[in-house]
Amino acid sequence: MLTSSLLQKTKSDKFFLSNKQFFINSIIENIIDIYKPQNIFLPFSGGKDSTVLLHNTIETVLKIKKPPKITIIHCDTLIENPIIERHSYDFLKNLESFFKANNLNFEIVILKPVQTYWHSLIGKGYPLPNTMFRWCQRTLKIKPSEDYMKTVKDNDAVVFVGLRKDESKSRKNDITNNQLDNYQIKRQSKLKYFTPIMDLTETDIWEFLISNKTLWKSSYQNIIDIYKGARGECPLIPEISKKNSGCGSRFGCWMCTLVKKDKSLQNQSLDNEDLLPLINFREWTINFVKDDNNHFKYMRNGKPAKRGCLTFKARKKIFKELKDLEKRTGISVLSNNDLKNIKSQWKADMLFFKSRNII
Ligand code: SF4
């Protein structure tokens, strides 16, 4: 196949070593050439890898006579790291203007969870996400993405994902174990997934961002500066193995309790004091839910448990603290939908627990 022969050729080519960008563009060009998609989906997290992939894909698409549609998908958990989220929305705004100026057929899709983090924690009294029960990944990231992908009608659409073997051992295993031909990767989806930048190293990514300008000719300094302090990642694409679907190497959510200390957020707060109340709230919540008295001895389905869901008193206390945080800082955390959903969830749960004589 074209791509593998290109790899053979370029591996022995010194020119290639100093020009990986050319190589990546060739991979993308070949995938488009072979599969002729009418639509290319590009998950965009705002992080460095998806930025590099997005840049190279659009640069390549611009050279094509009849370019396919580009669909950018951004997943907003609604509790994203505020700095990377601000950057992502600014970036997408500029990208939209660029697409319009270049008459490209495009769509920017922002995915948001139907059941938010606050609905789950405060409304339903879920435990804080931990390594054994990562409910947040499913409800906040994977579900919205899967639901959206199910609506995609064009079966010839392809998805380009910015995964790299160099990211971590588990990522390398995931790519290697599921790799098909031509940079295609096996995923539980009717669409074809490709990993054009899988062989790039972290250094390659930085070299690209340092030596290139954005598509609209400003610098990548903002993303470089953001990374000076932090990292974090969450999968947007359906993983074959749930074991591999960990967050932890790119920017995570500010409430993430999968890590003991969110060093990224803490480092960022040195220059952004407005992050401190969020860090403190996260710490307070972790300590608060540690107390067994804040949990029922029953699970949500009424089954007895050593440590069940949060009591209504505990849910209300977290709710109150969060409202206080909003008042103190002017930061809006709970949406109107959250308020409505949390209150109706309390009512429903109370009725259920009463019917089981739990309360
Ligand atoms: S970053 Fe943390 S809180 Fe956010 S979805 Fe991933 S594991 Fe959950």
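Colleague: What covers the buried residues of helix 14?
Modeller: In this predicted model, the cover includes helix 6 (117-123) and helix 13 (312-329).

Colleague: Which residues of helix 14 are buried, and what makes them count as buried?
Modeller: They are Asn-341, Ile-342 and Asp-349. The word needs 20 or more other C-beta atoms within 10 Å of a residue's own, so each of these three reaches that cut-off.

Colleague: How do you know that they line one face of the helix?
Modeller: Look down the axis of helix 14: the buried residues fall within an arc of 100°, so they sit on one face. On the other side, exposed residues include Lys-340, Lys-343, Ser-344, Lys-347 and Leu-351.

Colleague: How do you know that the length of helix 14 agrees with what it should span?
Modeller: At 1.5 Å a residue, its 20 residues should span 28 Å, and the end C-alpha atoms are 29 Å apart, which agrees. Just after the helix, Asn-357 takes a positive phi of about 55°.

Colleague: Let's turn to the strands. Why is strand 1 said to pair with strand 2?
Modeller: Pairing takes at least two bridges. Strand 1 (residues 39-43) and strand 2 (residues 69-75) have five, in the parallel sense, so they qualify as a pair. One of the links is Leu-42 with Ile-72.

Colleague: And what makes strand 4 a partner of strand 1?
Modeller: Two bridges join strand 1 to strand 4 (residues 158-160), and the strands run parallel. At least two are needed, so this pair passes as well. Here Phe-41 is bridged to Val-159.

Colleague: Why is the unit formed by strand 1, helix 4 and strand 2 called right-handed?
Modeller: Point the strands away from you and follow the path from strand 1 over helix 4 (residues 48-61) to strand 2. The β-α-β unit is right-handed, which means that this path runs clockwise.

Colleague: What makes Leu-42 stand out in the largest nonpolar core?
Modeller: That core has 41 residues, and Leu-42, Phe-160 and Phe-194 have the most contacts inside it. The largest share, six residues, comes from helix 3 (residues 20-35). Beyond its neighbours within four places in sequence, Leu-42 touches residues including Leu-53, Ile-70, Ile-72 and Phe-160. Contact takes C-beta atoms within 7 Å, so each of these four lies inside that limit of Leu-42.

Notes
Residues numbered from 1 in each chain as written. Predicted model: local features only at pLDDT ≥ 70, side-chain atom pairs only at ≥ 80, totals over all residues. Buried ≥ 20, exposed ≤ 12 C-beta atoms within 10 Å, placed from the backbone. Helix = DSSP H or I, 4+ residues; strand = E, 2+ residues; numbered from the N terminus. Core = buried A, V, L, I, M, F, W, Y, C linked by C-beta atoms within 7 Å. Contact = placed C-beta atoms within 7 Å. Expected span 1.5 Å × (residues − 1). Arc of directions from axis to C-beta.
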